[in-house]
Amino acid sequence: MSGAEVLALNNIHKAFGGVVAIQDFSLNLKAGEVVALVGDNGAGKSTLIKIISGVYSPTSGDIELDGEKAGFRDASAAREMGIEVVYQDLALADQQPVYMNMFLGRELTKGPLNLLDKKRMRRETQELVDELDVRIPSASSTISNLSGGQRQGVAIARATHWASKLVLLDEPTAALGVAETARVEALIEQLKAKDLAILIISHSLDQVFRLSDRICVLRRGEQIGVRETAKTDKNEIVSMITGVA
Amino acid sequence: MTRLSSRLHGLDFQQAVVYFGFLAIFLFFAITLYDDGFLTQRNLTNIVLQTAPATIMAIGLVFALSAGEIDLSFGSIVAVSALSCAVALQSFPLPVGVLVGLGVGVAIGAFNGVLVAYLKLPSFLVTLATMGLFAGIARSMTNLRSIPVMNETFTGIFGSGKLFSVPSLVIWTVLGVAAGHLLYRHTRFGAHVLATGDNPRAAQVSGIKVPRVRLYVLMICGGCAGLAGLLYAGRLQAAKYTLGESDLMTVIAAVIVGGTALNGGKGSVIGALLGSLLMGMLNNGLILMNLKVSDQMIVRGLIILIAVAVSLRDSSR
């Protein structure tokens with residue numbers, strides 16, 4: 001909780017043509033902290049994630065990473081800065097093995113011909129899934145043969161492997177059963193223990209209260225408020241989300 | 001032990017089909033056509049020589065299909081490349097002819113690729129159009145005349161020659177398959193091709209330059225078609241607008257039977273080689289059986305239908 005400040009969003013404003021998607025949003029994230037972003041459909045949560053990950057650039061306002069102003073040209077620039085996203089629809093290549101997904105776009109090579117170092121990618125993937133206790137048959141398994149929870153485990157493991165600062169999770173458990181959700185939540189706890197800053201979007205308030213240190217509420221692009229999870233309750237959050245006191 | 005079992009696990013049904021089909025058809029012809037000389041070394045070598053251009057085209061198509069694209073124009077590229085090369089060889093030395101032939105192939109592939117990758121047109125329609133376009137250009141280039149290739153070094157290297165008593169077309173086949181397999185299975189580019197065909201959005205957010213991959217695979221297709229054109233010109237010692245015209249169906253069938261998915265993300269260069277040899281064996285066997293041309297077409301069509309049905313079964317539904 002008392003980690004260094006990793007990300008600062010200052011007065012972020014985003015409009016698509018005349019439609020305002022986000023107005024005047026400010027938030028700080030510290031290392032080892034989990035902040036939950038909640039709000040109804042269309043509140044602007046995913047837009048905000050896309051701004052932080054460099055997919056959209058804000059109309060005005062600025063983003064600071066480690067205290068320095070960061071203007072991401074695109075998603076790969078944000079990735080190079082140590083920001084990883086776990087997308088709602090996973091972004092895995094289904095017919096490829098786990099280890100190729102783990103290194104997708106960042107494959108390891110060896111030798112003068114720069115041939116793929118499959119052995120090393122397989123080994124490092126195996127070490128990573130073992131460390132995070134993601135239970136998959138092997139690093140060589142094809143993604144399409146895995147369950148939804150195992151796939152989400154792979155996606156989160158990938159983010160962990162590459163993120164040095166910040167992990168953005170967009171509804172990581174939306175499609176999962178109870179047991180699988182518990183496993184993914186345990187994974188998120190591990191990321192936190194690794195001193196990464198985590199921003200999570202979730203529709204499940206139970207989950208938000210289980211995982212987060214702070215809760216940030218959005219309603220129709222407007223930042224309603226930020227609460228410390230320990231000092232608030234579901235009733236307050238629900239009324240903030242809906243606007244009904 | 002675990003390596004082996006994971007290897008066996010990875011060898012799925014669809015990719016195994018081509019091996020069994022290959023063996024089954026080989027054995028069938030070996031037994032029924034034994035007296036007609038199917039098993040003679042000369043006949044078997046002939047099959048490999050005749051399929052060499054189709055195998056080279058098939059390698060290119062594996063890349064295009066794996067990236068989720070298709071190239072229907074490669075047959076026309078074969079003709080235009082072969083004719084360009086033959087015309088160039090009439091007044092220029094061998095290296096110029098070779099470069100012109102290959103360069104024309106790559107350039108047409110790049111033309112397809114730019115339309116697909118950057119104007120975001122579907123490759124099926126783009127290459128359907130360029131197939132017709134370049135078939136027309138092949139006809140008008142030399143007014144339907146065939147151009148003889150007199151350069152004996154050229155016909156040696158790309159046709160009837162031998163190196164250490166191995167026919168040059170066999171060497172081209174082996175080199176093509178080896179280079180294709182290496183690029184496909186063991187380089188970052190190959191991995192990016194597969195990821196692009198598998199899930200373009202995942203590839204994109206992982207930093208893979210998806211449009212560039214699409215451009216390159218169609219250029220590879222064009223380059224392979226160009227090389228196939230040189231092999232035809234070398235073997236036949238002439239180039240004509242009809243070269244490559246009848247290869248479209250055979251090559252697509254060879255690639256699909258060889259375990260490459262029509263909708264991307266999965267494929268095999270070695271499988272395409274086997275698929276191509278299988279098609280060649282089929283042609284050869286049906287001729288040795290003394291079937292009429294019309295019957296050959298019917299039987300070949302039916303066998304391709306069965307082979308494709310078996311190898312695609314269960315892949316998406």
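## Strand pairing in chain A

In this predicted model, strand β1 (residues 5-16) of chain A and strand β4 (residues 60-65) of chain A run antiparallel and are joined by 5 bridges. One position in this pairing can be followed residue by residue, for A:A8 has A:E64 in β4(A) as its bridge partner.

Strand β4(A) is also joined to strand β5 (residues 68-69) of chain A, again in an antiparallel arrangement, and here there are 2 bridges. Within this pairing, A:L65 stands opposite A:E68 in β5(A). The strands β4(A) and β5(A) form a hairpin with 2 residues between them, and in the turn A:D66 has a positive phi of about 55°.

## Chain A as a whole

The C-alpha atoms of chain A fill a box of roughly 60 × 40 × 35 Å when the box is taken along the principal axes. The radius of gyration of chain A is 18 Å, which agrees with the value near 18 Å that a compact globule of 245 residues would have.

Of the 245 residues in chain A, 44% count as buried. When contacts in chain A with a separation of 6 or more are considered, 67% of them are accounted for by residues 24 or more positions apart.

## One residue of chain A

Helix α6 (residues 178-193) of chain A contains A:A182. Is this residue, A:A182, partly exposed or buried? A residue would need 20 or more other C-beta atoms within 10 Å of its own to be buried, and would be exposed with 12 or fewer; A:A182 has 14 C-beta neighbours inside 10 Å, and therefore counts as partly exposed.

A:A182 can also be placed relative to A:R158, from which it is 24 residues apart in sequence and 19 Å apart in space, taken from C-alpha to C-alpha.

## Chain B as a whole

Chain B has 14 helices and 4 strands. Its radius of gyration is 19 Å, close to the 20 Å that the globule rule gives for 317 residues, so chain B is as compact as a globular protein of that length. Along its principal axes, the C-alpha trace of chain B spans about 55 × 55 × 40 Å.

Buried residues make up 50% of the 317 residues in chain B. Among the contacts in chain B with a separation of 6 or more, 78% are accounted for by residues 24 or more positions apart.

## Two helices packed in chain B

Helix α9 (residues 188-198) of chain B packs with helix α11 (residues 210-236) of chain B at an angle of about 110°, and their axes are 10 Å apart. Because of that angle, α9(B) is roughly perpendicular to α11(B).

Which residues of α9(B) and α11(B) meet? From α9(B) come B:H192, B:V193 and B:T196, which meet B:V210, B:V213, B:R214 and B:V217 in α11(B). The residues of this contact divide into 4 nonpolar, 2 polar and 1 charged.

## Where the chains touch

The contact between the two chains takes 18 residues from chain B and 19 residues from chain A. On the side of chain B that touches chain A, α1 (2-10), α9 and α10 (200-205) of chain B each supply at least two residues. The largest share of that side, 5 residues, comes from α9(B). By class, the side of chain B that touches chain A has 6 nonpolar, 8 polar and 4 charged residues.

How values were computed:
Residues numbered from 1 in each chain as written. Chains lettered and ligands numbered in written order. Predicted model: local features only at pLDDT ≥ 70, side-chain atom pairs only at ≥ 80, totals over all residues. Axes fitted to C-alpha atoms, helices over the stretch in contact; angles between N-to-C directions. Parallel < 35°, antiparallel > 145°, perpendicular 65-115°, else oblique. Contact = placed C-beta atoms within 7 Å. Nonpolar A, V, L, I, M, F, W, Y, C, P; charged D, E, K, R; others polar. Rg over C-alpha atoms; globule rule 2.2 N^0.38 Å. Pairing = 2+ DSSP bridges.
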